[in-house]
Amino acid sequence: MSMLNSIPPLTAGLPGAEELHALLARLESIPAALAAEQRAARAEQAPSLPSFDVNLIRRDFPILSERVNGRPLVWLDNAATTQKPQSVIDRLKYFYEHENSNIHRAAHKLAARATDAYEGAREKVRGFLNAASTREIVFVRGATEAINLVAKSWGAQNIGSNDEIVITWLEHHANIVPWQQLAREKEARLRVAPVDDTGQILLEEYGKLLGPRTKLVSFPQVSNALGTITPAKQIVDMAHAAGAKVLVDGAQSVSHLRADVQALNSDWFVFSGHKVFGPTGIGVLHGKEELLNQTNPWQGGGNMIQDVTFEHTEYQQAPARFEAGTGNIADAVGLGAAIDYVTKIGIDLIAQYEHGLLSYTTRLLKEIPGLRLIGTAPNKAGVISFVLQGHKTEDVGAALNREGIAVRSGHHCAQPILRHFGVESTVRPSLAIYNTCADIDALVMALTKFNSRTRTL
């Protein structure tokens, strides 16, 4: 019998003095008993991957040795941002110490070093996504900017009155607002594919939305609020069969799943570097080369031009035509180092490990009285959303913070999908390569103590 199940839920009324005393004593014994029970559970259920040593991986991330409120940091806010390995930190430091310069069009040595580092990072991204060419890789600030780039450039050129844009209930606001703005400006129509009670897209209903007026489909490969892994290849193929272009939001998928834009056959694929152990302020728009070169630039300035007169400007080919001005050179190089780190470990091995950890987490959370999981699709990446009966999500987040545990509480920039499940906010622990079963034990123990203590008041 689980230690968690041995704690009375107190649903039959308030306890008497003796019962309360016994309950509090039981709570004080939770850490040792729960740890012993969960060590046994880990041995039985946690992923067994001989070539994957999570304790060695944790040593690569210096921030994980931090203490918060006197306790070891447990970082479970990875869907918001991932922590950075020492190799990424060192690569940024090396760039500023030995390579810092603007890129291209200079005869001096540091410009050559910086250019080589920047374009080398582009090649690493190309390989990571299995793109056909580095000419398909555009550096941007992040997934949000990449989506806006497509909306303000290709969308402005190609979406007209009464055309239709299809998105899904699973979207982050970054994949809603730009298309709303475009639809309003062009007098087009925004249509939304529904989900079922687990948070998975209803493909049959999605198919009914596609037609001759459908010009664009945009959707996430993984939901940032629920963790649902969408049937991306089917969604792309169905959209192409209707003659539409497709953008895939990969912000939540690239650190969990192998990305292959050629196999996926998306027209655009976007992600943010900080979600895959890289720096903030750098991201990627992948686009098919011919499509990029048919699209007018979004911003004008230096670097994106071939020739300029007062009467006419000739633009560069992709990717330069979308990289106006001085870009985020150092952080692009840092993203390259992050990709090196993930590649060295192996994204498939990461996916296996995280799948086992997600199963372990889900099983233990289900045992907590009053806890309701939001989004229970059978195919999920490392994101879990829940509410705890009788408690505001911000109070739960604050209680966990007092124990040194970092989670996200709020609407996660995904209000429509949370409202679909009848809530305004959730608590969202999210997993990464460096998380362990011990992190999950700490989370469950803290939630159990908080839940049980407040139920006695």
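These are my notebook entries on a predicted model of a protein chain.

**Entry 1: the whole chain**

I started with the overall counts. The chain has 16 helices and 17 strands. It holds 457 residues, and 54% of them count as buried. I then looked up the accessible surface, which comes to about 19700 Å². Carbon and sulfur atoms account for 50% of that surface. I also checked how far apart in sequence the contacting residues are. Taking contacts between residues at least 6 apart in sequence, I found that 72% join residues at least 24 apart.

**Entry 2: helices α5 and α12**

Next I turned to helix packing. Two packed helices are described by the angle between their axes and the distance between the axes. I looked up both values for helix α5, residues 109-129, and helix α12, residues 329-345. Their axes come within 8 Å and cross at roughly 40 degrees. I therefore noted α5 as oblique to α12. The crossing of the two is left-handed.

Which residues of α5 and α12 make the contact? On the α5 side I listed Ala-114, Ala-117, Tyr-118, Ala-121, Lys-124, Val-125 and Phe-128. On the α12 side the residues are Ile-329, Ala-332, Val-333, Leu-335, Gly-336, Ile-339, Asp-340, Val-342 and Thr-343. I sorted the contact residues of α5 and α12 by class and got twelve nonpolar, two polar and two charged.

**Entry 3: helices α6 and α7**

Helix α6, residues 143-158, packs against α7 at an angle of about 20 degrees. The axes of α6 and α7 are 9 Å apart. This angle is under 35 degrees, so I recorded α6 as roughly parallel to α7. The handedness of the α6 and α7 crossing is right-handed.

From α6, the residues in the contact are Ile-147, Asn-148, Val-150, Ala-151, Lys-152, Gly-155 and Ala-156. They meet Pro-178, Trp-179, Gln-181, Leu-182 and Lys-186 of α7. By class, I have seven nonpolar, three polar and two charged residues for the contact of α6 with α7.

**Entry 4: Ala-183**

Is Ala-183 buried or exposed? Its relative accessible area is 7%, so Ala-183 is buried, the limit being under 20%. Leaving out residues up to four places away in sequence, I found that Ala-183 touches Ala-188, Arg-189 and Leu-190. I also looked up a C-alpha distance: Ala-183 and Asn-162 are separated by 8.9 Å and are 21 residues apart along the chain.

**Entry 5: backbone exceptions**

Last, I went through backbone angles. Most residues other than glycine have a negative phi, and most peptide bonds are trans. Pro-319 sits in the loop between β12, residues 313-315, and α12.

I then wrote down two residues with positive phi. His-412 has phi near 60 degrees, and Cys-413 has phi near 55 degrees. Where is His-412? I found His-412 in the loop between β16, residues 408-410, and α15, residues 415-420. Cys-413 is also in the loop between β16 and α15.

I compared the two on accessibility. His-412 has a relative accessible area of 8% and is therefore buried.

Conventions. Residues are numbered from 1 along each chain as its sequence is written. This is a predicted model: local features need pLDDT of at least 70, side-chain atom pairs count only at pLDDT 80 or more; totals for chains, interfaces and linings use all residues. Side-chain values use heavy atoms; hydrogens and water are left out. Helices (H or I, at least four residues) and strands (E, at least two) are DSSP runs, numbered from the N terminus. Buried means under 20% relative accessible area, exposed over 50%, partly exposed in between (1.4 Å probe, protein chains only). Contact means heavy atoms within 4.5 Å. Accessible areas come from the Shrake-Rupley method with a 1.4 Å probe; for residues, only the protein chains shown count as cover. Axes are lines fitted to C-alpha atoms, for helices over the stretch in contact, and angles run from 0 to 180 degrees between N-to-C directions. Angles under 35 degrees count as roughly parallel, over 145 as roughly antiparallel, 65 to 115 as roughly perpendicular and the rest as oblique. A crossing is left-handed if the near helix is turned anticlockwise from the far one by less than a right angle, and right-handed if clockwise. Ala, Val, Leu, Ile, Met, Phe, Trp, Tyr, Cys and Pro count as nonpolar, Asp, Glu, Lys and Arg as charged, and the others, Gly among them, as polar.
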